Amino acid sequence: MQTGTMNAGDTIEVTERLHPEWTVAKVQHYLYVDTENKTAMQQLVDLDVLAKETKGVFERRLQNNVVENWTGRLIGKRQ
């Protein structure tokens, strides 16, 4: 990365992918769809660049063997 100021219309260019096998879409897949894949969860926990909060979700799943209920966050709370 380079420091500096970004302005509207500036382009962003990827110069390096540290873990090309782990796209955002793939992480989201294991976060919300294939939520019990322990092999993927362990790989994600070991991923040094994954956000601490996301990594924590996978760590808790591995430790507790429980998948959290995302219903309220994903579709909103029902009255």
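## Helix H2 against helix H3

In this predicted model, the crossing of H2 and H3 is left-handed. The two helices, H2 covering residues 38-45 and H3 covering residues 52-64, have axes that come within 9 Å and cross at roughly 135 degrees. H2 and H3 are therefore oblique to each other, since an angle has to be over 145 degrees to count as roughly antiparallel.

On the side of H2, the contact is made by Lys38, Met41, Gln42, Leu44 and Val45, and on the side of H3 by Lys55, Phe58, Glu59, Arg61 and Leu62. Sorted by class, these residues of the contact of H2 with H3 comprise five nonpolar, one polar and four charged.

## Helix H1 against helix H3

Helix H1 (24-32) is among the elements that cover the buried residues of H3, and the axes of H1 and H3 come within 11 Å, crossing at roughly 40 degrees. That angle makes H1 oblique to H3, because an angle must be under 35 degrees to count as roughly parallel. H1 passes H3 in a left-handed crossing.

The contact brings together Val27, Tyr30 and Leu31 of H1 with Thr54, Val57, Phe58 and Arg61 of H3. By class, the contact of H1 with H3 divides into five nonpolar residues, one polar and one charged. Phe58 and Arg61, named here for the contact with H1, are also named for the contact of H3 with H2.

## Helix H3 and the residue that follows

H3 is made up of 13 residues and reaches 18 Å from its first C-alpha to its last, which is close to the 18 Å expected at 1.5 Å a residue. Its buried residues are Lys55, Gly56, Val57, Phe58 and Arg61, and what covers them includes both H1 and H2. An α-helix has 3.6 residues a turn, so residues three or four places apart point the same way. Among the buried residues of H3 are Phe58 and Arg61, while Lys55, also buried, belongs to the contact with H2 and Val57 to the contact with H1.

Just after H3, the backbone at Asn65 takes a positive phi of about 55 degrees, a positive value in a residue other than glycine. Asn65 lies in the loop between H3 and helix H4 (71-75), and its relative accessibility of 57% means that Asn65 counts as exposed.

Thr35 is placed in the loop between H1 and H2, where, at 14% relative accessibility, it counts as buried. When neighbours within four places in sequence are left aside, Thr35 is in contact with Tyr30, Met41, Arg61 and Val67. Of these partners, Tyr30 and Arg61 also take part in the contact of H1 with H3, and Met41 in the contact of H2 with H3.

Ala40 has its place in helix H2 and, at 4% relative accessibility, counts as buried. Apart from neighbours within four places in sequence, Ala40 is in contact with Trp22 and Tyr30. Ala40 and Glu68 are 28 residues apart in sequence, and their C-alpha atoms are 17 Å apart in space.

## Thr71 in helix H4

Thr71 is found in helix H4, and a relative accessibility of 42% makes it count as partly exposed.

Terms used
Residues numbered from 1 in each chain as written. Predicted model: local features only at pLDDT ≥ 70, side-chain atom pairs only at ≥ 80, totals over all residues. Heavy atoms only, no water. Axes fitted to C-alpha atoms, helices over the stretch in contact; angles between N-to-C directions. Helix = DSSP H or I, 4+ residues; strand = E, 2+ residues; numbered from the N terminus. Parallel < 35°, antiparallel > 145°, perpendicular 65-115°, else oblique. Left-handed = near helix turned anticlockwise from the far one by under 90°. Contact = heavy atoms within 4.5 Å. Nonpolar A, V, L, I, M, F, W, Y, C, P; charged D, E, K, R; others polar. Expected span 1.5 Å × (residues − 1). Buried < 20%, exposed > 50% of the residue type's maximum accessible area, 1.4 Å probe, protein only.
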